[in-house]
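Hi everyone, and thanks for coming. Let me walk you through a structure that may be new to you, and please have it open on your screen as I talk.

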Amino acid sequence: MSLVETSFGPSALATPANAVTVFRLLVTVPLLMMVLDHHDTWAALVLWIVLCTTDGIDGYLARRHGTTRSGAFLDPLADKVLVLGTMTALVAEGSFWWFPVALIAVREVAISFFRSYWGRRGLAVPATRSAKIKTVVQEVAVGFALLPLTADHNWVASSVLWVAVVLTLVTGLQYVRAGSDATRTGGSC
């Protein structure tokens, strides 16, 4: 039995990629509850890894079956809810200092508004390779905070978190510069 390849148009809502993204959003809630209850458990770490991995899966599915406007909105939203939600829970739980998490949150929200603003004006602002690396480093920082083997050594997760802060701020500046250049030339970022 062969699978029939389905392609979805840009306005489609019910796509395999969106189903994975909605799964990520819904399962983030139990993860946050686990982190707030007792963050350094193997169960929380495994769930974190599963949710981070599904980000790549929904991207693969979107490229294979066609990207959609809803997916372009939902995927970054799921990323922000997962990463910033878990970082905030780790701040509340005492594993992360609030300041680096606040820097990351401000950049993420600002760039989301930036991308949305230019997107409504027809200027594409796709995720860059360096921004994808930034996301992975953020995920690794959270992973070290959840890992039972390193949870008692906050400096490990905190060190990676500060690397994530630097990458987060640098990529934010890259987006702003690319957007500024694109508005002058009338192209995409």
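Let's begin with the contacts. Of the contacts in the chain with a separation of 6 or more, 78% are between residues 24 or more positions apart; contact here means heavy atoms within 4.5 Å.

A word on where this comes from: it is a predicted model, in which local features need pLDDT of at least 70 and side-chain atom pairs count only at pLDDT 80 or more, while totals for chains, interfaces and linings use all residues. Residues are numbered from 1 along each chain as its sequence is written, and side-chain values use heavy atoms, with hydrogens and water left out.

Now the overall layout. The chain has six helices and zero strands, with helices (H or I, at least four residues) and strands (E, at least two) taken as DSSP runs and numbered from the N terminus. Along the sequence that reads α-α-α-α-α-α. There are 189 residues in the chain, and 41% of them count as buried. By buried I mean under 20% relative accessible area, with exposed being over 50% and partly exposed in between, using a 1.4 Å probe and protein chains only.

On to the inside. Which residues touch the most other members of the largest nonpolar core? They are Leu31, Trp48, Met87 and Phe96, in a core of 30 residues. Helices H1 (16–38), H2 (42–65), H3 (69–93), H4 (98–120), H5 and H6 each give two or more residues to this core. For the record, a nonpolar core is a set of buried Ala, Val, Leu, Ile, Met, Phe, Trp, Tyr and Cys residues joined through side-chain atoms within 4.5 Å. As a general point, nonpolar side chains tend to be buried together in soluble globular proteins.

Do zoom in on Phe96. Not counting residues up to four places away in sequence, Phe96 touches Met87, Leu90, Val91, Val101, Ala141, Val142, Ala145, Ala157 and Leu161.

Next, the charged pairs. Side chains of opposite charge can pair when their charged atoms come close. The rule I use is a side-chain nitrogen of Lys or Arg within 4 Å of a carboxyl oxygen of Asp or Glu, and the count comes to seven salt bridges.

One of them joins Asp55 and Arg24, with the closest N and O atoms 3.6 Å apart. Asp55 is in helix H2 and Arg24 in helix H1, so this pair ties together parts that are 31 residues apart in sequence. Both partners are buried: Asp55 has 17% relative accessibility, and Arg24 has 1%. They also belong to a salt-bridge network that links Arg24, Asp55, Asp58, Asp75 and Asp79.

Then have a look at Glu108, which is buried at 2% relative accessibility. Glu108 forms a salt bridge with Lys80, the closest N and O atoms being 3.3 Å apart. Since Glu108 lies in helix H4 and Lys80 in helix H3, the pair ties together parts 28 residues apart in sequence. Lys80 is partly exposed, with a relative accessible area of 22%.

Glu108 also meets Lys134 in a salt bridge, at 2.8 Å from N to O. Lys134 lies in helix H5 and Glu108 in helix H4, so here the linked parts are 26 residues apart in sequence. Lys134 is buried too, at 4% relative accessibility.

That brings me to Thr168, in helix H6 (residues 154–185). Is Thr168 buried or exposed? At 0% relative accessibility, Thr168 counts as buried.

One stop in a loop: Leu123 is found between H4 and H5. Leu123 is buried, with a relative accessible area of 9%. Leu123 and Gly179 are 56 residues apart in sequence, yet 8.4 Å apart in space, C-alpha to C-alpha.
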